[in-house]
Amino acid sequence: MAPLKFAVLGTGFWSYFQIPAWFEVGGVELRAVYNRTVAKAYKVAAKFNIPRVYGDVEELLKSEELDFVDIITEIDAHAAFVKLAAQYHLPVICQKPMAPDLQTAEEMVAACQKAGVPLFIHENWRWQAPIRLLKQALSEGSIGRPFRARIDMISGFPVFDNQPFLKTLKHFILTDLGSHTLDTARFLFGEADSLYCQTRQVHTDIAGEDVATVILEMGGTTTVTVNMAYAGNFLEHDNFPQTYFFIEGDQGSIELGPNYWLRVTTRVGTQSRQVKPRRYAWADPAYDVVHASIVPCNANLLKALKGEGQAETTGEDNLRTVRLVFAAYESAEEKRVLLF
Ligand code: 89Y
């Protein structure tokens, strides 16, 4: 099969990793890049040998013959660009979080459904190597029925240094990180039956919340607590961006702890193994496990684009994650449990 031709819309921080991750997967040809500040697009084009650069999305869509587009812009541009791609009948990948609110996300999914255009969400967290292995250990059933789980993504890492716009988000940690952790919770434990959330703002120079605690009942069987914080404080085991898990089942327990140690404890004892992510030369070591996860995420989406398999994170599927994110804000604001 000929390589699929695509364009990247948005050349900020994440494009420096999503583009080489595409080259890692192979089977694609990056024809053009767009960025509102076109000088930034030229920089990325020069770095990755991309033939054409645009400062106008419609001009790009009119001029290029493409098989899909990959949107890596900031959140506020997602809806307009997804709808444009749908208008041009182009399959589209959109960076998480899908939209700044639930209604916009629903409109994006509906627009693509109406146009008969596939919409995929670039949601990479669930593709982290240690999390895939954790899922496998859970599915193998040795710990029995999981009745409770804790997911901790707590770090003092200065996330605003590389992504300054995060400071301006009125809805910060639940959209930025909750999109990932709640999606991962769905991946591991199924759909949510209820949700309760509390949020806090520790930084005084940002617009949104930087701490969130979400308690869910999932899959009808599991109580899941998701602890998130980017409070800029100091923590002994601060290994950004590693997520820690502790899962209790009626026959044992599973832990994914610091430095990717996966421990499965059953009647016969504890089996430990270290599941280090692959290190790529193009990745920023400070984001190792996340940057490495972009490769299998892209590979999964590419299979679907080629008609060779199902994508895990379709627009329709990710809408369920988006619903949880905004349900969490509603719960925190109204101080009540939401039932689904
Ligand atoms: O934006 C976020 C992401 O997708 O991964 C980590 C992050 O950079 C900060 O939460």
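In this predicted model, helix α4 supplies the biggest part of the lining of the largest pocket, with five residues. Alongside α4 (75–87), the elements that give two or more residues to this lining are α7 (159–162) and α8 (173–176). The largest pocket comes out at about 950 Å³, and 42 residues line it. Nearest its centre sit Ile72, Thr73, Glu74, Ile75 and Phe165. Sorted by class, the lining of the largest pocket has 20 nonpolar, 15 polar and seven charged residues.

The largest pocket is also the space taken by the ligand. Around the ligand are Trp14, Lys96, Trp125, Val159, Gln163, Asp176, His180, Tyr230 and Tyr287, a shell that splits into five nonpolar, two polar and two charged residues. Some of these side chains place polar atoms by ligand oxygens: for Asp176 the distance is 2.5 Å, for Gln163 an N or O atom of the side chain is 2.6 Å away from a ligand oxygen, and for His180 the corresponding value is 2.7 Å. As for cover, the ligand taken alone exposes 280 Å², and the protein buries 97% of that.

Then there is the second largest pocket, which holds about 260 Å³ of space. Its lining counts 13 residues, with Ala137, Glu140, Val264, Gln271 and Arg273 lying nearest the centre. Here the elements that contribute two or more residues are helix α6 (129–140) plus strands β13 (261–266) and β14 (269–274).

Terms used: Residues numbered from 1 in each chain as written. Predicted model: local features only at pLDDT ≥ 70, side-chain atom pairs only at ≥ 80, totals over all residues. Heavy atoms only, no water. Near = heavy atom within 4 Å. Polar contact = N/O pair within 3.5 Å; in protein donor to acceptor, adjacent residues only side chain to side chain. Areas by Shrake-Rupley, 256 points an atom, 1.4 Å probe, with all protein chains shown as cover. 1 Å grid on protein atoms, 1.4 Å probe; cavity = no way out; pocket = protein on both sides within 12 Å on 5 of 7 lines; lining within 4 Å. Sits in = over half its atoms within 2 Å of the grid points. Nonpolar A, V, L, I, M, F, W, Y, C, P; charged D, E, K, R; others polar. Points joined across faces, edges and corners; volume = space filled by probe spheres on them. Helix = DSSP H or I, 4+ residues; strand = E, 2+ residues; numbered from the N terminus.
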